[in-house]
Amino acid sequence: MDRIRLVGGNPLNGEIVISGAKNAALPLMIASLLTDEPLVLSNVPRLADVKQLERILENHGVDIAVHGRRRGESDGGGQRMTFHAADIVDTTAPYDLVSKMRASFWVIGPLLARCHEARVSLPGGCAIGTRPVDLFLFGLKELGAEIDIDDGYVVAKAPKGGLVGARIVFPKVSVGATHTLLMAATLANGTTMIENAAQEPEITNVAECLVAMGAKISGIGTRTLTIEGVEKLHGANVEVIPDRIETGTFAMAAAMTGGDVLLRGARPEHLQAALDILAKTGVDLTPEADGVRVRRNGNGILPVDIETQPFPGFPTDLQAQFMALMTMSQGTSHVRETIFENRYMHVAELARFGADIAVDGQVATIRGKDKLKGAQVMATDLRASVSLVIAGLAAKGETVVNRIYHLDRGFERLEDKLSRCGAEIERLAG
Ligand SMILES: CC(=O)N[C@H]1[C@@H](OP(=O)(O)OP(=O)(O)OC[C@H]2O[C@@H](n3ccc(=O)[nH]c3=O)[C@H](O)[C@@H]2O)O[C@H](CO)[C@@H](O)[C@@H]1O
Ligand SMILES: C=C(OP(=O)(O)O)C(=O)O
């Protein structure tokens with residue numbers, strides 16, 4: 001299994017190009033199931049999760065092509081890919097494919113809408129809590145679907161004639177359930193209202209893609225989405241938004257090590273809450289024409305308390321990285337994780353660097369240290385893994401991060417991007 005070795009202490013200086021967002025690319029790829037015409041996506045990141053979803057879509061009968069570079073495109077840019085679901089040959093998403101990744105469960109929405117049936121294995125994904133699917137099932141039932149659980153599979157059937165528009169009031173905000181019901185409703189008979197919908201920028205990216213495919217959606221970017229079902233959707237060309245979690249991660253890495261990094265392509269409005277918090281820790285953040293500049297020169301890291309919240313709040317996917325930063329703050333800070341009940345797996349690993357963190361229920365109390373010391377650590381989930389890299393970049397001496405396949409799920413060329421900015425970091429194969 002590959003590992004990452006790094007030697008801490010170098011400030012980060014230079015430029016990092018932000019990749020396309022994993023959490024937008026995945027549902028956009030899934031949206032291709034809604035039409036028999038080609039959906040062309042650009043800026044698709046090269047990630048293990050994208051590859052895994054390609055396998056799942058191919059199993060349903062989707063033809064997938066990766067296009068070559070065009071004039072004027074940089075070599076590090078995202079992929080342009082076509083997804084063509086001319087004929088869906090199989091409406092089952094099997095356990096061995098779905099169990100590796102949470103988002104693969106979301107195929108249930110388009111399959112049910114277009115083929116009127118779906119059999120999808122209960123999902124996997126990062127082990128950060130129980131992660132039930134009750135909200136998906138509740139929403140699909142509201143659209144008239146009949147649902148059974150059989151041998152670890154969700155078996156869903158639409159009424160004769162297809163799904164029927166309805167008012168769905170989610171009792172809790174869910175990104176995945178919003179994506180799924182939004183996609184399902186585009187082909188339902190009549191109008192659907194999704195209330196208490198997630199407002200994440202990735203939802204907006206998908207909603208705008210669906211509109212480009214001929215869907216009728218209003219309220220995009222708000223808590224209430226209204227979808228007037230149409231008979232058919234068509235092909236479209238859509239760009240994946242830049243990854244706000246990658247942006248925040250590199251911003252925190254630069255804040256941790258000091259230095260001056262331009263995050264090229266970053267969209268500050270997609271992570272304003274996190275940038276506002278970073279500014280309070282003493283980092284200079286300057287929006288530029290094509291990105292955000294992050295600078296910390298000499299001054300110490302100030303302690304700041306955070307609470308994770310659905311968008312536009314502080315994202316849970318940046319909680320571990322922020323905690324890594326706080327381990328070297330000049331005081332005591334608190335993190336409250338309100339989205340997932342078990343998203344503190346990085347705490348025990350950060351302790352190996354000498355970090356002082358105590359967890360009590362939802363709240364972690366972090367007492368900042370002057371110094372961290374490099375260590376052997378184990379990556380436990382995607383964002384936890386990168387928090388260990390951030391700690392390692394600032395720690396004295398050598399760090400080895402084991403089990404980095406988690407990192408490859410969500411970070412494109414992480415070592416390359418960091419080493420170009422002066423970090424001493426390499427991948428050890430095997
Ligand atoms: C691929 C992708 O985009 N993953 C993101 C997505 O995950 P995901 O879509 O899985 O996260 P949700 O927004 O659904 O989860 C939010 C909360 O709702 C709960 N819940 C969810 C569904 C359900 O049926 N029942 C239920 O109780 C979850 O357990 C969790 O406590 O949003 C999360 C919250 O921003 C991010 O951390 C993940 O990176
Ligand atoms: C938790 C994440 O991914 P997933 O929902 O696929 O587990 C993530 O992207 O941080």
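These legends describe close-up views of a predicted model.

**View 1. Ser121 sits in a strand.**
Ser121 belongs to strand E7, which covers residues 117–121. The residue is buried, because its relative accessible area is 0% and buried means under 20%. Which residues does Ser121 touch, not counting those up to four places away in sequence? The contacts are Ala93, Pro94, Tyr95, Val98, Phe105, Gly152 and Tyr153.

Helix H1 runs over residues 22–31 and includes Ala24. Ala24 is buried, with 0% relative accessibility. Val206 is 182 residues away along the chain, yet the C-alpha atoms of Ala24 and Val206 are separated by 7.0 Å. Ala24 is in contact with Val206, and also with Glu202, Asn205, Val240 and Ile241, leaving aside neighbours within four places in sequence.

**View 2. Helix H8 is enclosed.**
Helix H8 covers residues 244–257. Of its 14 residues, 14 are buried, so H8 is largely enclosed by the rest of the structure. How far apart are the end C-alpha atoms of H8? They are 20 Å apart, which agrees with the 20 Å that 14 residues should span at 1.5 Å a residue. Asp243 caps the N-terminal end of H8. A side-chain oxygen of Asp243 lies 2.9 Å from the backbone nitrogen of Ile245. After H8 comes Gly258, with a positive phi near 80°.

An unreviewed UniProt entry carries the annotation "binding site" for a set of residues, including Arg102, Arg131, Val133, Leu135, Ser174 and Asp317. From this set, the lining of the largest pocket takes in Arg102, Arg131, Pro132, Asp134, Leu135, Lys172, Val173, Ser174, Val175, Asp317 and Ile339.

Leu135 is part of helix H5, residues 134–142. Ser174 is in the loop between strand E10 (167–169) and helix H6 (175–186). Are these two residues buried or exposed? Leu135 is buried, at 12% relative accessible area. Ser174 also counts as buried, at 14%. Beyond its neighbours up to four places away in sequence, Leu135 touches Phe170, Pro171, Lys172, Ser174 and Ala177. With neighbours within four places left aside, Ser174 is in contact with Leu135, Phe136 and Ala198. The Ser174 side chain also reaches the backbone nitrogen of Gly176, at 3.5 Å.

How values were computed. Residues are numbered from 1 along each chain as its sequence is written. Chains are lettered from A and ligands numbered from 1 in the order in which they are written. This is a predicted model: local features need pLDDT of at least 70, side-chain atom pairs count only at pLDDT 80 or more; totals for chains, interfaces and linings use all residues. Side-chain values use heavy atoms; hydrogens and water are left out. Helices (H or I, at least four residues) and strands (E, at least two) are DSSP runs, numbered from the N terminus. Buried means under 20% relative accessible area, exposed over 50%, partly exposed in between (1.4 Å probe, protein chains only). Contact means heavy atoms within 4.5 Å. The expected span of a helix is 1.5 Å times one less than its number of residues. A polar contact is a pair of N or O atoms within 3.5 Å; within protein, one must be able to donate a hydrogen and the other to accept it, and residues adjacent in sequence count only if both atoms are side-chain atoms. UniProt positions are given in the numbering used here, feature names are shortened, and annotations may be inferred rather than shown by experiment. On a 1 Å grid over the protein atoms alone, a cavity is a set of points where a 1.4 Å probe fits but cannot get out, and a pocket is an open set with protein on both sides within 12 Å along at least five of seven lines; lining residues have an atom within 4 Å of a point.
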